[in-house]
Amino acid sequence: METSPSVQLVHTNQDAPSKLDRVAREVELGLEHGAPAMNIGGQSLKFDNGQWVSESARDGGPHKEVHRLRKRNQQLEEENNLLRLKIDILLDMLSETTAESHLMEKELEELKTHNRRRK
């Protein structure tokens, strides 16, 4: 059997690989693959728990900081929306009170005018 120089046989006995347990076969035959990884623009990324994570951020670092900042940003947006709603309600209340005040002033002036005519 002729093989190219880059191909090397690990075992000469055909039965030997089947006698190895799964872990030993993976190590022996190079079947252990680990998580997908890539390098883009000098940045090493690894696929971890459904997300591409920077290798430098695997210990937490920037990835956790970005997550924390996004969560805080969401909280602030919700708080801002609540405050806008409260301002709208207060402006409506102010408009209603102002309108009632103007009606009372007008009614008071009418009563004064009517009272002056009586005298």
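Select Glu65 first: at 36% relative accessibility, Glu65 counts as partly exposed. The model on screen is predicted. Side chains of opposite charge can pair when their charged atoms come close. Arg68 is partly exposed too, with a relative accessible area of 45%. Both residues lie in helix α3, three residues apart, which is about one turn of the helix. By the rule used here, the count comes to one salt bridge.

**Along helix α3**

Stay in helix α3, which covers residues 61–118, and go to Leu82. Leu82 has a relative accessible area of 45% and is therefore partly exposed, since that class lies between 20% and 50%.

Next, select residues 37–40, 43–48 and 51–54 as β1, β2 and β3. They make an open sheet of three strands, in the order β1-β2-β3, with antiparallel pairing. Which strands stand at the edges? They are β1 and β3; each has a single partner strand, so one side of each is left without a neighbour in the sheet. On average, neighbouring strands of this sheet are turned by 35 degrees against each other, direction ignored.

Zoom in on β1 and β2. The two strands pair in the antiparallel sense over four bridges. To look at a bridge, select Ile40 and its partner in β2, Gln43.

**Two turns to inspect**

β1 and β2 form a hairpin with two residues between them. Pick Gly41 in this turn: its phi is positive, about 55 degrees.

Then move to the loop between β2 and β3 and select Asn49. Most residues other than glycine have a negative phi. Asn49 counts as exposed, at 77% relative accessibility.

**The whole chain**

The chain has three helices and three strands. From the N terminus on, the elements run α-α-β-β-β-α.

Color by relative accessibility: of the 119 residues, 5% count as buried. With a surface shown, the accessible area of the protein chain comes to about 11,200 Å². Carbon and sulfur atoms account for 53% of that surface.

Among contacts between residues at least 6 apart in sequence, 0% join residues at least 24 apart.

How values were computed
Residues numbered from 1 in each chain as written. Predicted model: local features only at pLDDT ≥ 70, side-chain atom pairs only at ≥ 80, totals over all residues. Heavy atoms only, no water. Buried < 20%, exposed > 50% of the residue type's maximum accessible area, 1.4 Å probe, protein only. Contact = heavy atoms within 4.5 Å. Areas by Shrake-Rupley, 256 points an atom, 1.4 Å probe, with all protein chains shown as cover. Pairing = 2+ DSSP bridges. Axes fitted to C-alpha atoms, helices over the stretch in contact; angles between N-to-C directions. Salt bridge = Lys/Arg side-chain N within 4 Å of Asp/Glu carboxyl O.
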